[in-house]
Each structure stands twice: as C-alpha cells, then as structure tokens.
Amino acid sequence: SKLKKEEKTKWQKVKDGAKWVGNKALWLGEKTWDKIRGGYRLTVSSAKWAKMKLTPGPHGNTRMAAELEAKLFGEDTTGNLLHSLSFQRSLGETSGTSNSKDRYERFIVSYPCPTFDPALEFALKKKWSQVAVRMIREGYNMFNRSQAGVLNKPIATLMMRGEAIRYRNTRSRTVDVNSFPQASMKWDEASHEWAGATECKYIDKKCQPVEWCQKTTFHIISNGCEERVPYWRTLAAGEWWAVKDTSLAHVVTPIVNSGDLNLKELSGFKMTLFCGAKKTFGASGPPSPLPSEPLLECLKKGVETNARLKAQEPWKLYFPDEVIVLAKFEAIPEKECFVDANAHPSDVKELCAKSVKAEAGQDGAAPLSYAHLIDPKTKQPFDHKKSDSDVFQGVHKGAGFPKGTLTEVVLGPQDVLEALDMIDRSNGR
C-alpha cells in the first residue's frame, strides 16, 4: 500500500543517515534514531517518563539546552554557513522586437551537506551534556559535597556501569528467575588506602564523621551513633557506590516493565573531565599540556575570565583564552561477574559467559568491588529481594557504550558550578 511504501522510504532514509553518524554517535541504530526524530517520543512508555521525572535535573539544564539550541538553530547573517550560492550576469537585449527583454546567464554553485543534521546533533549533545553534569553532581554529593573531593585534582575520572543482581525461586511446579538492575559509580582518583575502624561520636547534633557514621535505632534516648553499613567504607578504598540519580542510572541500565532483564543491555563507561583555555585543546582529546591546577580553581577562574573576555569584545565569536570543560567518554572494555558458591549452573553460565571476567573473594565472600551490593558478613545482597524464598545467585556487571554515545562533549565552567550550587542560578532555571 501507499502507506507501507512511505514507511519503507522513511526507514531507508534512516539507514542512509545512520551510515555517516558514526563519527558523532557510536552504534546509532534505527530504534535510537526513531527515539530522537520519530513518533516514538510521543508514545514513550509512561513508566520511563515517570522515572525520569522522579529525579530533578541539575540546575542550569534549561539554560544549557537554550544555548545549545541557539548555537545549532540560530540565524547568521555573516555568511559563516553557506550551502548554496547563485548569481547572474546580463547578456543584454536582442532588440529583435519591440517587447524583447533583458537576458541573463545564471550560475548556481551548490555545496550539499547530506551529513548535516542539526536536530540529531542537538539531541545527542543535549543528552550527553546532561549525563556529564549529572555524573559530576553525583560524585560531588557522594563525597559529602567536599571541595577536597572530585574537584580537588586537575583531572577527574568517574566510572559508571550497569549491574544486575540475580535471584532464583524454586517452587513445586515453577521456577522464577529475576534479575534486578541498578547502576554504580566509582571515582578513579579516590584514595586507595583502607581507612580501618571508625569511632563514631555525637557532636553538634550530628554523628561524626558524617561520611561513615549514622544514628542508632534508639538514638532519641541514647544519642547513640554507629558505623554505617560496610559498603560506605569502600569509598575510602576507592571502590563503587550505588547511584542515587534515577535518570542517570537509566543511561547504563534498561527499564524492565515485564519479564527478566537482558544482561546484554547493561553498559559501562568512564568519563574524564578536563578544564583549560580553548587554545590548549586540539580538534579532539585532552589539552596539551595537561592542566596542573585543581578543577575547582579552573572552573571558578573560568567563569570570571569568560565574562571579562566577552564584555571587552562582545562582537567576537572566538576567544583563544576562553575556558572550557571537556568531558571525554571511554567504554569500560570488560564485563565482570560474581556468583554465589551455591548458584545454579544455568545461572552461572548466563551471568559469567565466555566474554565475562569472573571474580572471587576470600572464603566465598564477594570482592571489595561488590561491597556496595553484597554484605560481607551475610554474603547476601543488601536489597532487591522479592520474597524470603528468593535465593541469591550472583551479580553481572555491564560494559561497553550505550547506543548513541558521544565520545566528547564541551561544557562551560558555569554549567558545572551551577549544577553544584556554587554560583547563582541562571534566571531561576
């Protein structure tokens, strides 16, 4: 039918477009393209929409989107962007008759840009700019919003990966296998020295130190404090923690409405953050030389420097000394797994396939990198159990880029500082 023919033509255009998009987004498939350009965005599941709304976006996200949209869709009268040019020259009149008219020879110079798609570029840059800012905010908040945390070194590397905790429930007639997804992050530059035991004290109406201590059950009566659950201790050893931002978590984990989780949909990548003058960056990659001052100092100085440069010469578009922030994304190459000593063979086979690195701790306990998921004392996960009859089988950790991942995004220093509440919000947005 005519409708099917039009649909076929549409998808052919999608396929043609996906061939050139490789240098901008890795592995961009028809499904992803449809989410960006097609009617999918009008029929996206209500479950996903609701989950995305649970976690508010970082401060400044509306301003960032507006600035990106103006850059990609704004008007330019200076001829910086030229797709075609036409001109003509007069050949004069023939004077053959009384109503003869002037004649012209017309020329057209065309420079078609079949790979130029500002809508796609806008969608990808907007998404991954938000991912970068959310990851910075998550790491900054996790380390007690301390300036001595993720921003106190010249370069920050944050890793994020999707994970699945699997349970098996064997009944008289049926067997239920459920995998529960979650996302975890790691600050690569965290101290790798084990902190040892912590003495918790109640000081100034708080359990100190707040990173490692919490109130006891009968705190109102005794003002008592106790050490937090063991996985908090892993932060001192430079290990993983569970991501609290639900929108960020769904970058590396799928939303499962029904059925079991497809482990292939779990992904993992790391983001490295650089800050410096625009002239120190090449066409891609980190600046040269690498920065030496802490990120926080570079960000704060960058806001002042950029404002001064643009105020002095507001007509200019390019400032070599303008300070920018580069977020570079790289895939985590290898999947990992840990299985319980009593796990069912079929679950072991699926959790730890051929291309998955199997890990083991001492005396059957999970390695330290799983301490945010599994209690080292009980050797059982902290959460996710549906019923008491569920038996823990193991954990699978994802790797590789999610679909449509950009390898780099450029931010302004104000984008990071505003998301961390270090500068005033932009017009309340």
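Over which ring does the charged end of K397 sit? I looked there to start, and the ring is that of Y370, with the charge 4.1 Å from its centre. A charge sits over a ring here if NZ of Lys or CZ of Arg is within 6 Å of the ring centre and within 35 degrees of the ring normal.

**Ground rules.** I am working on a predicted model, where local features need pLDDT of at least 70, side-chain atom pairs count only at pLDDT 80 or more, and totals for chains, interfaces and linings use all residues. Residues are numbered from 1 along each chain as its sequence is written, and side-chain values use heavy atoms, with hydrogens and water left out.

**Salt bridges.** I searched the whole structure and got 15 salt bridges, each a side-chain nitrogen of Lys or Arg within 4 Å of a carboxyl oxygen of Asp or Glu. D245 and R134 meet in one of them, at 2.7 Å from N to O. D245 lies in the loop between β9 (240–242) and α9 (246–249) and R134 in helix α6 (residues 118–142), so this bridge ties together parts that are 111 residues apart in sequence. I took helices (H or I, at least four residues) and strands (E, at least two) as DSSP runs, numbered from the N terminus. D245 is buried at 4% relative accessibility, and R134 is buried at 11%. Buried means under 20% relative accessible area, exposed over 50%, and partly exposed in between (1.4 Å probe, protein chains only).

Next I checked R168 and D347, whose side chains form a salt bridge of 2.6 Å, N to O. This pair links distant parts of the chain, with R168 in strand β3 (residues 156–170) and D347 in helix α11 (residues 345–351), 179 residues apart. R168 is buried at 12% relative accessibility, and D347 is buried at 1%.

For E293 and K301, the closest N and O atoms of the salt bridge are 3.3 Å apart. E293 is partly exposed at 27%, as is K301 at 47%. I also noted that salt bridges with shared partners join R166, R168, D347 and E350 into one network.

**Cores.** I then turned to the nonpolar cores, which are sets of buried Ala, Val, Leu, Ile, Met, Phe, Trp, Tyr and Cys residues joined through side-chain atoms within 4.5 Å. The largest has 46 residues, and M135, L151, M160, F269, M271 and F329 have the most contacts inside it. Helix α6 gives the most to this core, with 10 residues. A second, separate core of nine residues includes Y167, F338, Y370 and F392.

**Rings.** I counted six aromatic pairs. Rings of Phe, Tyr and Trp (its six-membered ring) pair if their centres lie within 6.5 Å; planes under 30 degrees apart are stacked, over 60 edge-to-face and the rest tilted. W128 and F269 are edge-to-face, 5.7 Å centre to centre with 70° between the planes. W128 is in helix α6 and F269 in strand β10, 141 residues apart, and both are buried. The rings of Y167 and F392 have their centres 6.2 Å apart and their planes at 65°, so that pair is edge-to-face. W128, F269 and F329 form one aromatic cluster.

**Strands.** What is the sense in which β10 (residues 268–277) and β11 (residues 323–331) pair? I found it antiparallel, over nine bridges, where pairing takes at least two DSSP bridges. G276 stands opposite I324 in β11.
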